[in-house]
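Work through the exercises below with the sequence and the 3D view side by side. Try each task before reading its solution.

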Amino acid sequence: MAFRTHYGEKLQNVRSSIITMGGHANEMVRMAVEATLTGSVELAQKVVVADDSVDSLERQTLNETVLIVMQEAPVATDLRMLVATIGIIGEIEKVGDDAVKLARRATKLSGFFPFELKVDLMEMGELVRLSFAASIRCYSDYSDEIAQQIIDGDKAIDQKYGDARNKVFDLIKATPENTKQLVRAIEAFHALEHVADHAVAIAVRLKMHYASSTPVDSAAS
């Protein structure tokens with residue numbers, strides 16, 4: 001009994017670290033979008049600095065997960081979940097990286113972000129953050145329905161990206177002298193689209209794990 005309790009505590013520590021890491025990454029995305037919309041160099045710099053915390057949590061959580069695999073020799077469902085966890089840690093770290101890219105592009109925009117695209121960026125940012133937050137909740141408390149909603153919802157995010165890209169093309173035609181800054185503006189939407197892709201990747205990993213957790217595993221253990 002003591003062994004199982006100790007093992008369970010280790011798993012819970014990893015779970016808690018991933019939830020914390022996901023929360024930090026999602027906040028970075030929020031700040032990066034705000035920095036892009038407002039032209040705040042200070043806020044963009046906060047995003048870059050915050051990435052150190054996400055990277056530190058990534059290393060810590062990855063080490064804890066690998067140690068559990070090495071020391072506890074889990075099998076069947078537990079092993080598959082730990083393998084999925086390693087992949088999810090990587091997806092969250094990439095969200096932090098995309099937030100940093102967005103923040104750096106905000107700095108290069110030097111306060112120039114097309115008024116015609118601000119609502120689109122706010123709406124897409126909100127959709128993306130909701131999707132990513134849902135993927136972290138799904139890791140903490142799995143729901144197949146929510147996982148599928150994340151996957152299906154990516155179509156709406158892709159549509160937002162496509163609409164924004166078309167608007168940028170129209171703006172370039174109308175004001176070719178602003179082409180360089182307009183291209184940077186669409187790169188902001190592209191960074192958000194990548195964040196949504198990571199949320200989908202987490203949902204897919206979780207669906208695959210829980211789909212493979214058959215009664216046969218339970219009987220074997």
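Buried means under 20% relative accessible area, exposed means over 50%, and partly exposed lies in between (1.4 Å probe, protein chains only). The model is predicted: local features need pLDDT of at least 70, side-chain atom pairs count only at pLDDT 80 or more, and totals for chains, interfaces and linings use all residues. Residues are numbered from 1 along each chain as its sequence is written, and side-chain values use heavy atoms, with hydrogens and water left out.

**Exercise 1. The whole protein**

Task: Find which secondary structure elements the protein has, and how its residues and surface divide.

Solution. Start with the elements. Helices (H or I, at least four residues) and strands (E, at least two) are DSSP runs, numbered from the N terminus. The protein has seven helices and zero strands. Next, take the extent. A box of roughly 70 × 35 × 20 Å along the principal axes holds the C-alpha atoms. Then take burial. Of the 221 residues, 43% are buried. Now the surface, computed by the Shrake-Rupley method with a 1.4 Å probe, where for residues only the protein chains shown count as cover. The accessible surface is about 11,100 Å², and carbon and sulfur atoms hold 57% of that. Last, look at contacts, meaning heavy atoms within 4.5 Å. Among contacts between residues at least 6 apart in sequence, 86% join residues at least 24 apart.

**Exercise 2. Valine 54**

Task: Decide whether valine 54 is buried or exposed, and list what it contacts.

Solution. Valine 54 lies in helix α2. Second, apply the cut-off. Its relative accessibility is 0%, so valine 54 counts as buried. Third, list partners. Beyond neighbours within four places in sequence, valine 54 contacts Met21, His24, Ala25, Met28 and Glu93. Fourth, look along the chain. Valine 41 is 13 residues from valine 54, and their C-alpha atoms are 20 Å apart.

**Exercise 3. The length of α2**

Task: Compare the span of helix α2 with the expected one.

Solution. The expected span of a helix is 1.5 Å times one less than its number of residues. Helix α2 (residues 41-72) has 32 residues, for which 46 Å is expected. From first C-alpha to last, α2 reaches 47 Å, close to that value. Buried residues of α2 include Leu43, Asp51, Glu58 and Ile68. Just after α2, alanine 73 has a positive phi of about 45°.

**Exercise 4. Isoleucine 89**

Task: Say where isoleucine 89 lies and which residues it touches.

Solution. Isoleucine 89 is in helix α3. Its relative accessibility of 1% means that isoleucine 89 counts as buried. Leaving out residues up to four places away in sequence, isoleucine 89 touches Ile18, Met21, Glu58, Thr61, Leu62 and Thr65. Now compare sequence with space. Isoleucine 202 is 113 residues away along the chain, yet the two C-alpha atoms are separated by 9.2 Å.

**Exercise 5. Serine 110**

Task: Find what sets the backbone of serine 110 apart.

Solution. Most residues other than glycine have a negative phi. Serine 110 is not a glycine, but its phi is positive, about 50°. It is found in the loop between α3 (76-109) and α4. With a relative accessible area of 62%, serine 110 is exposed.

**Exercise 6. Helix α5**

Task: Check the span of α5, then find its kink and its packing partners.

Solution. Helix α5 covers residues 144-174, which is 31 residues. At 1.5 Å a residue it should span 45 Å; the end C-alpha atoms are 46 Å apart, so the values agree. The bend at a residue is the angle between axes fitted to the seven residues ending there and the seven starting there. In α5 a kink of about 25° is centred on glycine 153. Among the buried residues of α5 are Ile150, Asp154, Tyr161 and Leu171. The buried residues of α5 pack against α4 (115-140) and α6 (179-212).

**Exercise 7. Aromatic rings**

Task: Classify the pair of tyrosine 142 and tyrosine 210.

Solution. Rings of Phe, Tyr and Trp (its six-membered ring) pair if their centres lie within 6.5 Å; planes under 30 degrees apart count as stacked, over 60 as edge-to-face and the rest as tilted. The structure holds two aromatic pairs. One of them joins tyrosine 142 and tyrosine 210: 4.1 Å centre to centre, 10° between the planes, hence stacked. Tyrosine 142 lies in the loop between α4 and α5 and tyrosine 210 in helix α6, so the pair ties together parts 68 residues apart in sequence. Tyrosine 210 is partly exposed, at 32% relative accessibility.
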